[in-house]
Amino acid sequence: MLQNLQTTAQQLRDLVKAATLGMVGRAQLAELMLLAAVASEHVLVVGPPGTAKSAVVRRVSQALGGRYFEYLLGRFTEPSELFGPVDLSKLRQGVVETDVTGMLPEADVAFLDEVFLGSTAILNTLLGLLNERRFRRGHTDLQVPLKLCVGATNHLPEDDALAAFADRFLLHLFIESVPDHQLEELLAGGWQIELSEAQSNHSLDALMQLRSQVREVDVAAVRSAFAHAVRALRGAGVQLSDRRIVKAQKLIAAAALLRASLQAEVCDLWPIFYVLPTAREQVLAREVLAKQLAVAHNPCLQSAVEWAAQKPISRTARLMEMAERALQSGEQNPASVLREIDANFGADDMPDGLRESRIQLVAKVQAMDTEQNVPQ
Amino acid sequence: MIDVHWRPRLSESLRPQAAVAFGDAALRLCEQLLPKSDNSEQAGTGARAAQSAVAQTGTLYACVKPALIMLQADERDLPWLDGIHYATRVHAQLWVPTHLQACMVAGGGYDPIDIELLANACANSGGETLLWPDPALRLRLDAPMPATATNVQRIHAHLFGATASLPERLFGATATLPKRLQG
């Protein structure tokens, strides 16, 4: 079983890499989509327009396979634009049913841009879709296949009713435009994306396999540490609703699964960061939960962990993985990996494990140089 | 006045946009950038292609005291050598090490310095500046040179050859050793 978990986690890690190739600083969104899908939860992305939110969701969805539905909501969006029109043939028989063909109720993955602009009728119907995976409208009452919904907005709503709807998205991710120093990378990556399409590796089944195993994960061992973290947050004035606290356990279990383990550990507590609903609370949590986040670790979700923890530990894991590939399989150019390592760490602050990998890489580069300088 | 302290960068890693080499590493960087002999070219490594790309798109700065070379180029073309460092542009006119965060003392700890404030403090009459922690340098990047073989040879000769005593003004960068920056 452990072997299966490892294979699945590796498959999903490859999926994220392929789907976010060329996208600067957006890997954490792709990774949180996986985490949410495994935990049967949803993601809310908060950030300015034009920050590649929909592109990431679309590419991850394409890579997963399955049906995808995307819509930009406006104040005048009709429910039928999302859920489908009234079925006229049934209406003639006096039954008000919705023809959901190709619409949101048939989607595996959905992206709803400007989600809070939806009317009360839309948001009420969405509540049922998100919470219970049921679509109810008129005489129509369907179990829907929705695995994951990603909502997007420019800013969190202040209205209480909308805030309650925002609370249904357990994971909140705040993103910014690409910073000045990464503009060249953005341009190069954008060009690359224009020329390529995300290839499906049909990982939806693998994802569903993990989802069915969430309840098998033993989270008892971290319950006390989790409660301690919540108390620390409350002590700092950060209030989490009981519902979010309870549901966060599913995210912790999903993080353990994506780490290929059926035993949750303290290193799996990091999703608490994304459960905090506002950007201010997330920033505060980095200080309050520094101890818990310092040990955060997940090879499958490195960017999400790195963003939450703001600690080099997850960066170290990523670099060590690259080093391993360069040393073992030759998939990575050793000199490129060394450049990446040296750009991330100075000689004085390099973690021991990475230092060891670096020594081996230097030896490999020197051996390659010697080999190339031998006269033919 | 700003007292600049440096600590390991905990947040996002910055993409390298320049290689910075001091002393012996600068010498080896020069040698790597110099045209190779026929034998080594036959080896057909990626290094040759990268060297060619650097010659076309890279920009060089050099400084005599301390002996320093800065090579700006696309990340994929930047060379790796044991002992060289990497820098990135964090503001239109400011370059800093990729792995360090410039900080100031605040409330018993260190807080990152606002990049705009730091760039203003390092202002160089419209030109670019490289701010470096060890050795502590504020380097004016005044005269960019294309990273052509001729320029590399010229720098190599001036820094490490018999003509090392030529005037520093021939070089594209001048260093000062700041204790404090005007904020």
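Me: In what order do the strands of the open sheet of chain A stand?
Reply: This predicted model counts local features at pLDDT of at least 70 and side-chain atom pairs at pLDDT 80 or more, while totals for chains, interfaces and linings use all residues. Residues are numbered from 1 along each chain as its sequence is written, chains are lettered from A, and side-chain values use heavy atoms, without hydrogens and water. Strands are DSSP runs of E with at least two residues, helices runs of H or I with at least four, both numbered from the N terminus, and two strands pair if DSSP finds at least two bridges between them. The 5 strands of this open sheet pair in parallel, in the order β2-β3-β6-β1-β7.

Me: Which strands of chain A stand at the edges?
Reply: A strand with a single partner has one side left without a neighbour in the sheet, so it is at an edge. In chain A these strands are β2 (68-72) and β7 (171-174).

Me: What angle does the direction of helix α2 of chain A make with that of β7(A)?
Reply: Helix α2 (residues 27-38) packs on the sheet, touching β1, β3, β6 and β7 of chain A; contact means heavy atoms within 4.5 Å. Axes are lines fitted to C-alpha atoms, for helices over the stretch in contact, and angles between N-to-C directions run from 0 to 180 degrees. The angle with β7(A) is about 175 degrees.

Me: Is A:Pro271 buried or exposed?
Reply: Buried means under 20% relative accessible area, exposed over 50% and partly exposed in between, with a 1.4 Å probe and protein chains only. A:Pro271 has 1% relative accessibility, so A:Pro271 counts as buried.
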